[in-house]
Amino acid sequence: MSGISQIQMSFVPLEDRILMRMSTLTAEGFQFWLTRRYVKLLWPLLLNMLAKDSLVLLQQSEDAKKEIISFQQEEAARNMDFSQSFEDNFDSMPLGDKPILLAKAGAKTSPEGAQVLSLHPEAGQGIDIALNQQLMHSLCKLLQDTVAKTDWDIDLARSLRTDVTQVSQQPASIN
């Protein structure tokens, strides 16, 4: 998969799920369903990825780590472009034209040092996304904002402020 061009998330009340749509720089389209359970498992994985940022790891105190992540989050939010509508005229949809229900996720580091988020269904093909700092924070912000529009009683923004510095050095995954 080539680099991400756009990500859109929206809550679909009838499905009680979040629809995440992505497009790549080469006009490939991907659609995924995120359930409440999946988001609750995915969020700590994303927090762990945020905490592995080199600037965050240099900090000695937990408060300093949280401040760096908070600053990075605010900076990413300022740089996000919500004025552009989501382009859904894809040249191809490698995983099909129906959203895939996500069940598994993993985080790893590529040989080049980039953090990679793996998103997969229970069975079948998923995707691996290399995330730079901007894309990681943008993804987290989109997820926070979308979950806030649900009736799921989950406060991801609060969790970002309190739980973000609990870094695990183990490769992370959820099933």
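Reader: How many nonpolar, polar and charged residues are in the lining of the second largest pocket?

Author: This is a predicted model. The lining of its second largest pocket divides into 7 polar, 5 nonpolar and 2 charged residues. The pocket has a volume of about 160 Å³. Of its 14 lining residues, those closest to the centre are Asp53, Gln115, Leu131, Asn132 and Gln133.

Reader: Which helices each supply at least two residues of that lining?

Author: Helix H1 (36-51) and helix H4 (133-147) do. H4 gives the most, with 3 residues.

Reader: How should I read the packing of two helices?

Author: Two packed helices are described by the distance between their axes and the angle between those axes. In this model, the axes of H1 and H4 lie 11 Å apart, and the packing angle is about 150°. Angles over 145 degrees count as roughly antiparallel. H1 and H4 are therefore roughly antiparallel to each other. Their crossing is left-handed.

Reader: Which residues in H1 meet H4?

Author: On the H1 side they are Val39, Leu42, Trp43, Leu46, Met49 and Leu50. Their partners in H4 are Met136, His137, Leu139, Cys140, Leu143, Gln144 and Val147. By class, this contact of H1 with H4 has 11 nonpolar residues, 2 polar and no charged.

Reader: At what angle do H3 and H4 cross?

Author: Helix H3 (residues 62-79) and H4 cross at roughly 85°, and their axes come within 9 Å. Angles of 65 to 115 degrees count as roughly perpendicular, and H3 and H4 are therefore roughly perpendicular to each other. H3 brings Ile69, Gln72, Gln73, Ala76, Ala77 and Asn79 to the contact. From H4 come Gln133, Gln134, His137, Ser138, Cys140, Lys141 and Gln144. The residues of this contact of H3 with H4 divide into 8 polar, 4 nonpolar and 1 charged.

Reader: How does the lining of the largest cavity divide by class?

Author: It has 9 nonpolar residues, no polar and no charged. Leu42, Leu46, Leu139 and Leu143 are among the residues of this lining, and these four also take part in the contact of H1 with H4.

Notes
Residues are numbered from 1 along each chain as its sequence is written. This is a predicted model: local features need pLDDT of at least 70, side-chain atom pairs count only at pLDDT 80 or more; totals for chains, interfaces and linings use all residues. Side-chain values use heavy atoms; hydrogens and water are left out. On a 1 Å grid over the protein atoms alone, a cavity is a set of points where a 1.4 Å probe fits but cannot get out, and a pocket is an open set with protein on both sides within 12 Å along at least five of seven lines; lining residues have an atom within 4 Å of a point. Grid points are joined across faces, edges and corners, and a volume is the space filled by probe spheres set on the points. Ala, Val, Leu, Ile, Met, Phe, Trp, Tyr, Cys and Pro count as nonpolar, Asp, Glu, Lys and Arg as charged, and the others, Gly among them, as polar. Axes are lines fitted to C-alpha atoms, for helices over the stretch in contact, and angles run from 0 to 180 degrees between N-to-C directions. Angles under 35 degrees count as roughly parallel, over 145 as roughly antiparallel, 65 to 115 as roughly perpendicular and the rest as oblique. A crossing is left-handed if the near helix is turned anticlockwise from the far one by less than a right angle, and right-handed if clockwise. Contact means heavy atoms within 4.5 Å.
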